[in-house]
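Please examine the model below with attention to its secondary structure, its aromatic pairs and its nonpolar cores. The paragraphs that follow take these topics in turn.

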Amino acid sequence: MTSSPPPTSNGIPVREQALDWFVRRRDQGLGAQEELVFQAWLHAAPSHQDAFDHWQAQWQSFDAVPQDMKELLQRNLAYDQAMEAASGAAREAARAGQVNPPRTGVESNAETIAATGPTRRRVLMPALSIAAAAAVVTGTGGLAWKHWQAQPTFVQSLASKRGQQLEATMPDGSRLRLDAATRLNVAYYRDRREVTLLEGQAMFEVSPNPTMPFDVLAGPVRVTVVGTRFAVRYTPSLPSDAGVHVAVEEGKVRVAQVGADNHLALLSASQQVTSDRDGVLSAVHSITAAEVAPWRNQRVRFDSQRLDAALAELGRYVDVPLLIRDPAVAALQITGVFDPADLSTFQRVLPASLPVRLKVVGQGSWEIVMR
């Protein structure tokens with residue numbers, strides 16, 4: 001909403017008069033006589049009190065601006081003041097030489113200001129400084145404020161190799177544990193904490209902070225918490241597992257489809273939800289504590305998993321010397337818990353669990369074929 005211009009006194013807008021009084025009282029102080037004059041002006045009309053209250057509120061907002069932003073403002077204002085001084089010196093030189101430069105709107109305004117007396121000249125630049133500072137939190141200056149707010153205070157990229165697990169502690173004490181072949185980016189802002197899981201799976205132990213929510217972005221899904229321990233899996237490079245899996249070990253999390261916050265699930269401890277590749281969530285279901293993140297104990301869990309997908313999962317940890325060419329073999333389902341580093345056991349279990357055998361096709365490699 002745009003307010004109408006304030007009334008004027010002696011040709012000077014009331015809001016500018018209020019700004020002059022505010023600067024003088026704040027930076028220089030008023031003598032007893034000046035304070036009486038100010039009080040008389042303040043109570044002369046309701047618009048005077050409103051204008052003075054406006055500048056007080058603006059300055060209080062400026063006090064809340066962090067120091068680095070204040071320093072930036074001060075540098076910009078110093079530059080503006082230097083340009084104004086240089087312009088004034090040029091005008092004085094022109095007058096001394098009896099040169100009549102073209103009159104501009106700026107010069108006309110400057111002469112009007114000068115005619116109001118030395119007090120107004122003395123407080124003009126501090127007043128302009130406050131006005132500029134106020135612009136940080138109102139009007140077009142809000143863009144600078146929003147830009148400052150959008151800058152991260154901490155960033156870090158983490159990546160684990162095949163077969164490697166990685167742990168990291170964040171500045172707030174939150175702990176991240178990455179499974180093998182996992183990549184993620186961390187960014188902390190002044191009002192939130194954010195992790196983007198690019199590939200793989202990770203466990204998050206989040207330090208509570210109600211004023212700074214902790215978000216994990218995994219493809220089409222956003223997981224939001226305040227303080228909890230949970231696991232997120234997102235492996236888009238595996239065609240059979242392009243969705244997102246979220247499992248909670250402690251606390252509560254909110255899981256939502258990105259861009260569609262009405263499609264959400266609220267999870268408590270020992271609960272899990274999965275999504276498809278588009279972020280559409282399944283029903284919430286219960287799990288055991290061991291199912292939250294079995295990879296922490298060097299285990300992978302298959303529950304009626306296609307055999308080709310199981311081999312792809314094992315491939316996140318080690319080179320798998322097993323080959324499948326027959327689509328019927330690929331579609332066979334396997335169930336069990338395995339150590340991904342112990343492929344010899346997996347190879348022994350296969351013929352005992354499924355109607356297959358291993359056929360040697362090269363030095364140290366086998367094809368899985370039907371018996």
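In helix H8, the buried residues are Leu307, Ala309, Ala310, Leu311, Glu313 and Leu314. Buried denotes a relative accessible area under 20%, exposed one over 50%, and partly exposed anything in between, with a 1.4 Å probe and protein chains only. Because six of the eight residues of H8 (residues 307–314) are buried, this helix is largely enclosed by the rest of the structure.

The model is a predicted one, in which local features need pLDDT of at least 70 and side-chain atom pairs count only at pLDDT 80 or more, whereas totals for chains, interfaces and linings use all residues. Residues are numbered from 1 along each chain as its sequence is written, and side-chain values use heavy atoms, leaving out hydrogens and water.

The protein chain contains 10 helices and 20 strands; these are DSSP runs numbered from the N terminus, helices being H or I with at least four residues and strands E with at least two. Of its 371 residues, 37% count as buried. Among contacts with a separation of 6 or more, 47% join residues 24 or more positions apart, a contact being heavy atoms within 4.5 Å.

The nonpolar cores come next. A nonpolar core is a set of buried Ala, Val, Leu, Ile, Met, Phe, Trp, Tyr and Cys residues joined through side-chain atoms within 4.5 Å. The largest has 30 residues, and Phe204, Val223, Phe230, Val232 and Val246 have the most contacts inside it. Strand S7 (residues 193–205) supplies the largest share of this core, four residues. Apart from it lies another core, of 26 residues, which includes Ile287, Trp295, Ala310 and Leu343. Beyond its neighbours within four places in sequence, Phe230 is in contact with residues including Ala202, Met203, Val216 and Glu249.

The structure also holds 10 aromatic pairs. Rings of Phe, Tyr and Trp (its six-membered ring) pair if their centres lie within 6.5 Å; planes under 30 degrees apart count as stacked, over 60 as edge-to-face and the rest as tilted. The pair of Trp21 and Phe38 is tilted, because the ring centres are 5.3 Å apart and the planes stand at 50 degrees. Trp21 lies in helix H1 (residues 14–28) and Phe38 in helix H2 (residues 32–42), so this pair ties together parts that are 17 residues apart in sequence. Trp21 also forms a tilted pair with Trp41, at 6.5 Å centre to centre and 40 degrees between the planes. Both Trp21 and Trp41 are buried. One aromatic cluster is formed by Trp21, Phe22, Phe38, Trp41 and Phe52.

Finally, three strands form an open sheet of mixed pairing in the order S17-S20-S19, where two strands pair if DSSP finds at least two bridges between them. Strands S17 (322–323) and S19 (356–362) stand at the edges with a single partner strand each, so one side of each is left without a neighbour in the sheet. S19 and strand S20 (residues 365–370) run antiparallel and are joined by six bridges; Arg357 has Val369 in S20 as its bridge partner. Helix H10 (residues 343–353) packs on the sheet, touching S17, S19 and S20, and its direction makes about 130 degrees with that of S19. Axes are lines fitted to C-alpha atoms, for helices over the stretch in contact, and angles run from 0 to 180 degrees between N-to-C directions.
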